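Please open the model in a viewer and keep the selection panel at hand. The stops below are arranged so that each selection can be made in turn.

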Amino acid sequence: MDEAALAVEKRTETGRSACRHLRNSGMTPANLYGHGGETIAIKANTDLLVEWVRSDAQILSLDLEGQEESVLIKEVQFDHLGDDVLHVDFTRVAMDEEIAVTVSIETKGRAPGVELDEGVLGQPLRDLEVICLPGNVPNSIIVDISELQLQDSVSVGDLEFPEGVRSEVDPLLMVIQVNPPIEEEEEESEEDLETPIEPELIRPEGREESEEEDT
């Protein structure tokens with residue numbers, strides 16, 4: 001894994017108005033905390049920060065005024081449209097201590113059950129929490145589906161993890177499944193549509209007896 005690097009500075013700007021002004025100047029407010037260190041309000045170049053946030057990288061090296069810190073993104077705050085990054089929380093990590101991180105699950109190949117038998121590929125689980133050293137955090141977990149036939153499935157216990165990576169999630173949890181094709185409901189025949197349905201005649205109780213007596 002290639003470790004990215006990002007230069008950040010301490011900030012004194014606080015409050016909604018000050019942070020808005022900071023963003024307008026091309027910087028994004030952030031916080032750095034955790035692992036026994038003090039909480040520091042920082043700021044970073046927005047373009048560089050967003051480039052890292054939207055990448056698959058997990059561990060970042062922050063250069064805080066000449067002092068390097070290995071960090072993991074804890075939380076990203078976006079605007080209401082989900083486009084612009086408004087704020088980021090970084091948490092410190094020690095490169096020799098295991099951490100729990102969530103990574104995406106991606107598929108590779110084409111399933112014969114989908115391509116040949118018109119099955120439907122379902123992926124109930126798209127992200128998975130894994131445990132490893134910061135330097136071993138994978139960008140994603142790859143699942144090869146090139147041999148999956150109709151009604152085949154892959155659970156967490158079937159996944160292949162990179163060396164030094166494990167997961168404590170329930171091994172029976174479903175990740176991928178090839179479901180049978182969706183059957184379309186049979187359309188009513190024209191004959192059924194054209195033939196009117198005769199309503200059932202319901203007589204009030206005692207009606208038949210009265211009519212027989214009158215006859």
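**Before selecting**

This is a predicted model, in which local features need pLDDT of at least 70 and side-chain atom pairs count only at pLDDT 80 or more, while totals for chains, interfaces and linings use all residues. Residues are numbered from 1 along each chain as its sequence is written, and side-chain values use heavy atoms, with hydrogens and water left out.

**Stop 1: the whole chain**

Display the cartoon. The secondary structure comes to 5 helices and 12 strands; helices (H or I, at least four residues) and strands (E, at least two) are DSSP runs, numbered from the N terminus. Next, colour by accessibility: of the 215 residues, 33% count as buried. Buried means under 20% relative accessible area, exposed over 50%, and partly exposed in between, with a 1.4 Å probe and protein chains only. A contact means heavy atoms within 4.5 Å. Among contacts between residues at least 6 apart in sequence, 66% join residues at least 24 apart.

**Stop 2: the largest pocket**

Select Gln-58, Leu-72, Ile-73, Val-101 and Thr-102, which are the closest to the centre of the largest pocket among the 15 residues that line it. The volume of this pocket is about 330 Å³. A pocket is found on a 1 Å grid over the protein atoms alone, as an open set of points where a 1.4 Å probe fits, with protein on both sides within 12 Å along at least five of seven lines; lining residues have an atom within 4 Å of a point. Grid points are joined across faces, edges and corners, and a volume is the space filled by probe spheres set on the points.

Which elements supply at least two residues each to this lining? They are α2, β5 (67-78) and β7 (99-108), and β7 gives the most, with 4 residues. The lining divides into 9 nonpolar, 4 polar and 2 charged residues. In this scheme Ala, Val, Leu, Ile, Met, Phe, Trp, Tyr, Cys and Pro count as nonpolar, Asp, Glu, Lys and Arg as charged, and the others, Gly among them, as polar.

**Stop 3: the second largest pocket**

Now select Lys-108, Ile-142, Val-143, Asp-144, Leu-148, Val-154, Asp-158, Leu-159 and Glu-160, the lining of the second largest pocket. About 190 Å³ of space lies here. The largest share of the lining, 3 residues, comes from β10. By class there are 5 nonpolar, no polar and 4 charged residues.

**Stop 4: the aromatic pair**

The structure holds 1 aromatic pair, and the ring centres of Trp-52 and Phe-90 are 6.3 Å apart with the planes at 45°, so the pair is tilted. Trp-52 belongs to helix α2 (residues 46-53) and Phe-90 to strand β6 (residues 85-92), so that the pair links parts of the chain 38 residues apart. Rings of Phe, Tyr and Trp (its six-membered ring) pair if their centres lie within 6.5 Å; planes under 30 degrees apart count as stacked, over 60 as edge-to-face and the rest as tilted. Trp-52 counts as buried at 7% relative accessibility, and Phe-90 is buried at 0%.

**Stop 5: the cysteines**

Select Cys-19 and Cys-132. Are they buried or exposed? Cys-19 is buried, with a relative accessible area of 11%, and Cys-132 is buried, with 0%. The structure holds 0 disulfides, a disulfide being a pair of cysteine sulfur atoms within 2.5 Å.

**Stop 6**

Centre on Glu-65, in the loop between β4 (59-64) and β5. Glu-65 has a positive phi of about 50° although it is not a glycine, and it counts as exposed at 53% relative accessibility. Setting aside residues up to four places away in sequence, Glu-65 touches Val-8, Glu-9 and Lys-10. From Glu-65 to Glu-9 the C-alpha to C-alpha distance is 6.2 Å, across 56 residues of sequence.

Move to Gln-151, in the loop between β10 and β11 (153-155). Its phi is also positive, about 75°, although Gln-151 is not a glycine; at 60% relative accessibility, Gln-151 counts as exposed.

Finish at Asn-136, in the loop between β9 (127-132) and β10 (140-144). Asn-136 is partly exposed, with a relative accessible area of 32%. Residues up to four places away in sequence not being counted, Asn-136 touches Glu-163, Gly-164 and Val-165. Asn-136 and Val-165 lie 29 residues apart in sequence and 6.9 Å apart in space, C-alpha to C-alpha.
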